[in-house]
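Colleague: I'm new to this one. Could you walk me through how to read it, feature by feature?

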Number of protein chains: 2
Amino acid sequence: MEFKISKSVFNNALSIVTKAISSVAPIPSLSGVKITVKKDRVDLIGSDSDISILKTVRLADPENKLEIIEEGSVVLDARYISEIARKMDSEIITIEIIDGTLVKISGLNVEFKINGMRSSDYPEISFETVNKPNKMNVSTFEKIVRQTVFACSDKESRPALMGVNFKAEGLKLVCNATNSFRLATKKVDLENELDFNITIPAKTLNSVVSIMAENREFDMIIDPNKISFVCDDTTIRARLIDDLYPDVSRLIPASFSQVLEINTRELLDAIERTSFIKSDGKNVVKMSIDADRLDLSSNSLEIGSSHETLEIISFSGNPITISCSGKYLSDALKTIGNSIAVLNFSGELKPIVIYGKGDDSLTQLISPIRS
Amino acid sequence: MEFKISKSVFNNALSIVTKAISSVAPIPSLSGVKITVKKDRVDLIGSDSDISILKTVRLADPENKLEIIEEGSVVLDARYISEIARKMDSEIITIEIIDGTLVKISGLNVEFKINGMRSSDYPEISFETVNKPNKMNVSTFEKIVRQTVFACSDKESRPALMGVNFKAEGLKLVCNATNSFRLATKKVDLENELDFNITIPAKTLNSVVSIMAENREFDMIIDPNKISFVCDDTTIRARLIDDLYPDVSRLIPASFSQVLEINTRELLDAIERTSFIKSDGKNVVKMSIDADRLDLSSNSLEIGSSHETLEIISFSGNPITISCSGKYLSDALKTIGNSIAVLNFSGELKPIVIYGKGDDSLTQLISPIRS
């Protein structure tokens with residue numbers, strides 16, 4: 001194996017595929033980047049066995065300054081090859097197997113000889129897809145992820161809740177994320193009719209957003225148990241969560257007895273101020289709301305208490321006192337992207353439903369805490 | 001105890017005194033800031049028992065917007081009071097003991113009640129000084145610290161080496177820091193004759209630099225076993241290290257058999273490139289130098305090897321091959337602040353002495369490693 005490549009192209013390719021590599025690799029070879037040199041291209045693969053990323057650098061593109069001298073394949077520790085590529089003293093890097101798995105990486109006056117791993121020890125990862133691709137707009141996808149993914153569970157006891165459920169029916173896409181104490185629901189109008197019901201792991205979604213951010217759109221291909229995100233010469237392939245996703249629509253109360261409109265920023269600041277007042281590691285905020293104002297308080301036997309009076313824009317219904325997690329409320333308010341927040345109540349023990357004024361595409365739901 | 005104070009003044013005072021507070025306080029009360037309200041001022045103290053910082057906010061200065069309503073004293077958890085002061089919703093903060101050690105901190109619409117600690121549980125810390133002050137220029141002091149403190153030891157087995165030794169004789173100040181494998185020596189010309197020989201803990205020096213950075217000069221008062229740094233209404237009081245400081249001057253070879261001049265940046269970049277090639281967690285660089293060039297190499301059985309050829313400016317003496325810690329060499333080169341580094345050798349097993357070309361005020365010495 002021997003090839004020459006543009007330093008910046010190689011660095012960029014490494015920075016993409018290493019996003020899949022875990023610092024605690026499940027098997028030793030997965031701590032490395034698999035480099036495969038074929039007659040017309042170089043393929044780089046990084047994987048943690050759940051997410052795999054393939055980046056192809058083609059001979060045909062002169063920007064890559066690629067020169068294929070000998071085909072072959074090797075696995076190089078991701079940290080070492082990234083360090084070397086970043087700090088190399090030349091525009092063009094030469095990479096060559098010189099003996100077994102010993103790889104020489106050279107620039108102008110600098111030369112490294114690094115112990116690699118056999119590519120035969122690397123798991124067989126297929127990037128082949130079966131079904132037809134669906135076009136996805138990157139900024140739409142990014143918004144969906146940002147507004148829902150934080151509500152996923154991080155507990156492995158219910159695998160389905162560790163991802164965001166994407167359900168497409170006709171021209172409607174509904175995305176749900178919940179940890180069973182809060183729920184984020186995002187509705188998107190589709191340009192073409194689609195039909196699928198899949199749950200994509202939170203970690204995969206974050207990787208896709210960070211890798212695809214620079215593009216305008218990508219292809220999403222849904223195969224049995226697998227999903228691929230493809231843009232130009234980058235492919236992200238990930239497992240889907242195959243547990244049944246719960247029916248979350250029934251969590252949202254059908255009607256509300258109280259509706260509050262309030263300045264989002266002011267409520268966020270007030271919650272932020274109380275965030276250090278924790279009992280058992282949790283900050284709980286209590287809201288007492290009537291037609292005139294919102295009283296926000298927080299209490300901890302050990303630390304002390306806080307109390308703040310907030311002006312409101314409007315309130316309808318009987319006065320209500322309700323408590324919930326300050327963090328959940330703050331997370332929800334941050335995502336609505338609206339200067340006025342609408343909080344809907346149906347009793348002290350019923351979920352609070354939050355959306356931005358005039359925007360029903362995103363609903364945030366938070367379970368109350370008995371106080 | 002009750003007083004009103006400008007939010008920004010209070011925040012600034014807290015940010016100074018909390019620099020002394022350790023996240024693992026030796027006794028519970030030292031996790032707090034001691035606030036003492038007297039008829040003409042408020043004193044804030046933070047301490048970890050080794051370093052103590054006093055900041056006084058005076059009634060006389062209208063900028064402080066101080067209003068003393070009732071004298072008294074309390075200790076408030078540093079994290080909580082800092083959070084509150086930072087996020088308070090008003091220009092003026094009111095702080096008041098309302099019951100025992102329960103303290104009310106209020107702004108415009110916001111009110112906190114925080115459990116404090118009795119000031120009688122806080123250790124008695126004296127900021128009184130005995131001897132006469134020595135004026136110190138902040139930028140000179142900063143430079144001394146930056147160029148020496150990194151060479152201190154972090155091992156408690158030899159306490160003297162955990163600080164920088166300051167020895168003033170007449171118009172000369174010599175500052176030494178060593179961990180016994182490297183030595184940094186900085187010489188400074190004094191404006192007034194001084195006479196002392198003290199060792200200041202590395203941690204204290206870093207605190208003094210970060211707190212005094214905005215000023216032009218401060219007073220340094222050396223008392224038995226203690227040192228004070230005073231500027232305006234801020235006093236830093238710290239223990240001196242009372243162990244005898246070793247005579248390090250004899251470590252520096254009297255004459256050199258080889259002298260190398262090289263571009264500092266190029267040598268630094270080359271060392272930086274090899275830094276990941278470690279054996280037993282250490283990066284060792286081997287330099288082979290002759291009249292034409294410097295060959296820099298690094299080797300690790302596990303990871304692999306590196307090799308780089310560097311141009312030199314000049315070299316006198318017989319060719320030499322010598323190995324040393326890449327980190328120590330890089331640390332030393334970074335401090336010399338000179339585009340040309342002069343490396344002096346007196347044999348493969350003798351220390352390397354480094355200084356910036358034409359600048360003998362700073363000497364960096366590194367022990368070689370047998371290779």
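This is a predicted model: local features need pLDDT of at least 70, side-chain atom pairs count only at pLDDT 80 or more; totals for chains, interfaces and linings use all residues.

Colleague: Which residue in β5(B) stands opposite B:F3?

Modeller: That's B:I68.

Colleague: And what is the order of the strands in the open sheet?

Modeller: Reading across, you go β21(A)-β17(A)-β18(A)-β19(A)-β9(B)-β8(B)-β7(B)-β1(B)-β5(B), which makes 9 strands with antiparallel pairing. At the edges you find β21 (320-325) of chain A and β5 (67-70) of chain B; each has a single partner strand, so one side of each has no neighbour in the sheet. From one strand to the next, the twist averages 15°.

Colleague: Which helix packs on the sheet?

Modeller: Look at α6 of chain A, residues 326-335. Helix α6 touches β17 (284-289), β18 (293-300) and β21 of chain A, and its direction makes about 90° with that of β21(A).

Colleague: Back to the sheet. How many bridges pair β19 of chain A with β9(B)?

Modeller: There are 5, in the antiparallel sense, and β19 of chain A covers residues 304-311. Within that pair, A:H307 stands opposite B:E111.

Colleague: How many residues does each chain bring to the contact?

Modeller: Chain B gives 21 residues and chain A gives 22. On chain B's side, α2 (78-87), β9 (110-115), α5 (264-274) and β19 (304-311) each supply at least two residues. Sorted by class, that side of chain B has 6 nonpolar, 7 polar and 8 charged residues.

Colleague: How should I think about the way two copies are related?

Modeller: In general, a rotation about an axis and a shift along it relate two copies of a chain. Here, chain B is superposed on chain A by a rotation of 180° with 0.0 Å of shift along the axis, at an RMSD of 0.0 Å. That is the relation of a two-fold axis. In chain B, the C-alpha nearest the axis belongs to B:S23, 14 Å from it. Both copies use the same surface, too: 100% of chain B's contact residues recur in chain A.

Colleague: One last feature. Which residues of helix α1 of chain A are buried?

Modeller: Helix α1 spans residues 7-17, and the buried ones are A:V9, A:F10, A:A13, A:L14, A:I16 and A:V17. Look down the axis of α1(A) and these buried residues fall within an arc of 160°, so they line one face of the helix.

Definitions and conventions
Residues are numbered from 1 along each chain as its sequence is written. Chains are lettered from A and ligands numbered from 1 in the order in which they are written. Copies are superposed by least squares on the C-alpha atoms of residues with pLDDT of at least 70 in both. Two residues are in contact if their C-beta atoms, placed from the backbone, lie within 7 Å. A residue is buried if 20 or more other C-beta atoms lie within 10 Å of its own, exposed if 12 or fewer, and partly exposed in between; C-beta atoms are placed from the backbone. Helices (H or I, at least four residues) and strands (E, at least two) are DSSP runs, numbered from the N terminus. The arc is that of the directions from the helix axis to the C-beta atoms. Two strands pair if DSSP finds at least two bridges between them. Axes are lines fitted to C-alpha atoms, for helices over the stretch in contact, and angles run from 0 to 180 degrees between N-to-C directions. Ala, Val, Leu, Ile, Met, Phe, Trp, Tyr, Cys and Pro count as nonpolar, Asp, Glu, Lys and Arg as charged, and the others, Gly among them, as polar.
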